[in-house]
Amino acid sequence: MNGESNRASPSLIVLNESSPLLMDSPAPPSPTAKRNQLGKEDAIISIVDESFDKDEEVVKEDNLPTEIHKTVIAGLVLAVCFFLNTLSLVLTHQRQPNRNTTGPLPDILLDNLPFPTYDDGLYIAEVMIMVSVASTIITVTLHRFRWIVYRRIFIFLGILYFIRAFTMYVTVFPEASYTYYCSPKFSPATALEIFLASFKVFFGGGLSINGEHTFCGDYMYSGHTVILVSAALIIQEYSPRVHWVWTLVHGFYWLMAIVGILLVLSSRGHYTIDILVAYYITTRLWWIYHTLANNREMWRSEANFLNRVIWFRAFEWMEAKVKGKVPHHYSIPFIQIYINFEEFPPKVVRPKEVSKYR
């Protein structure tokens, strides 16, 4: 077959068993045809287009436009939602019960730890978070359709932080730890002080390891769990899957997420319910978003109740021109060199071979 114009388009032929074509002179089966028996009377012969490369890996460039402006807007949405999250943290800190008069809530795991508190656990978990985030950035940046992937991640995290800004504030949990340092409350609290403190946490990335996060009360739900689980989901979805080595890589980041969560619990940085809710919301939102993104026919279906979620209109606009599943293709940014991960170690594809790889 030479070129796109000569490719045979897939077709479907339905033949009845009483047809002379089947009864008298059955044609020898073609290597490009397969027969599926449906009932006793009907047979279907499907002509398979063998020029179609591995399932979803063949995608027209026009079906996956870059649309950088949408990615920038999604990044701004994430920044606003993350700032709302830090603002909510500072406001929640002002309402935090005194740990000297109000003890921790009963917790089946924290109450049965074999040691009082492992304070360094939180900092080790945050080192794992930084490793996971750096790995995620590298993975997405090397993805051929990086702008699409980045804006999906921005919207996904923006929704999570927006929800968390409300859940941590509406019900304030007492301190789970007696040793974690909490900054003194503002007395009286002015709007300027609240905003300055929020920006301080914002530019510190919400981490305690850099000394910028000394406010307490951000329990429901766990931001550490959100990031660890999100990194594992992103790497699993958008990194290669064609070699068993990549299965080990995916397992490593899930293991890192589990160990990081256990370390957060060991330091009493969160209650168990914070971890469970964070895992549930993060994974379900990720799966719902990608189910919708990969099944455009669902969007306007009357049977699709997922189009009633509050963020669906924003999702629809972001994904409007993405017509197909994003394939596992990789390239070096700003350079016409692709990376083929179908082999291990990965193979660099030179510009003359790009069309073959694509």
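Visitor: Which residues make the nonpolar surface patch of about 680 Å²?

Guide: Keep in mind that this is a predicted model. In it, the patch is built from Val80, Leu84, Leu91, Phe162, Ile163, Phe166, Tyr169 and Val170.

Visitor: Which helices each supply at least two residues of that patch?

Guide: That would be α2, spanning 68-94, and α4, spanning 146-170.

Visitor: And which one gives the most?

Guide: α4 does, with five residues.

Visitor: Where does Val80 lie?

Guide: Val80 sits in helix α2. Ile163, for its part, is in helix α4.

Visitor: Let's stay on Ile163. Does it count as buried, partly exposed or exposed, and why?

Guide: Partly exposed, because its relative accessibility is 33%, and that class runs between the 20% limit for buried and the 50% limit for exposed.

Visitor: How far apart are Ile163 and Tyr221?

Guide: In sequence, 58 residues separate them, while their C-alpha atoms are 9.2 Å apart in space.

Visitor: Switching to the whole chain: how many helices and strands has it got?

Guide: There are 10 helices and six strands in the protein chain.

Visitor: What share of the residues is buried?

Guide: 43% of the 358 residues.

Visitor: One more, on contacts between residues at least 6 apart in sequence. What percentage join residues at least 24 apart?

Guide: For the protein chain, that figure is 77%.

How values were computed. Residues numbered from 1 in each chain as written. Predicted model: local features only at pLDDT ≥ 70, side-chain atom pairs only at ≥ 80, totals over all residues. Heavy atoms only, no water. Patch = residues over 30% accessible without salt bridge, like charges linked within 9 Å, V, L, I, M, F, W, Y side chains within 5 Å. Areas by Shrake-Rupley, 256 points an atom, 1.4 Å probe, with all protein chains shown as cover. Salt bridge = Lys/Arg side-chain N within 4 Å of Asp/Glu carboxyl O. Helix = DSSP H or I, 4+ residues; strand = E, 2+ residues; numbered from the N terminus. Buried < 20%, exposed > 50% of the residue type's maximum accessible area, 1.4 Å probe, protein only. Contact = heavy atoms within 4.5 Å.
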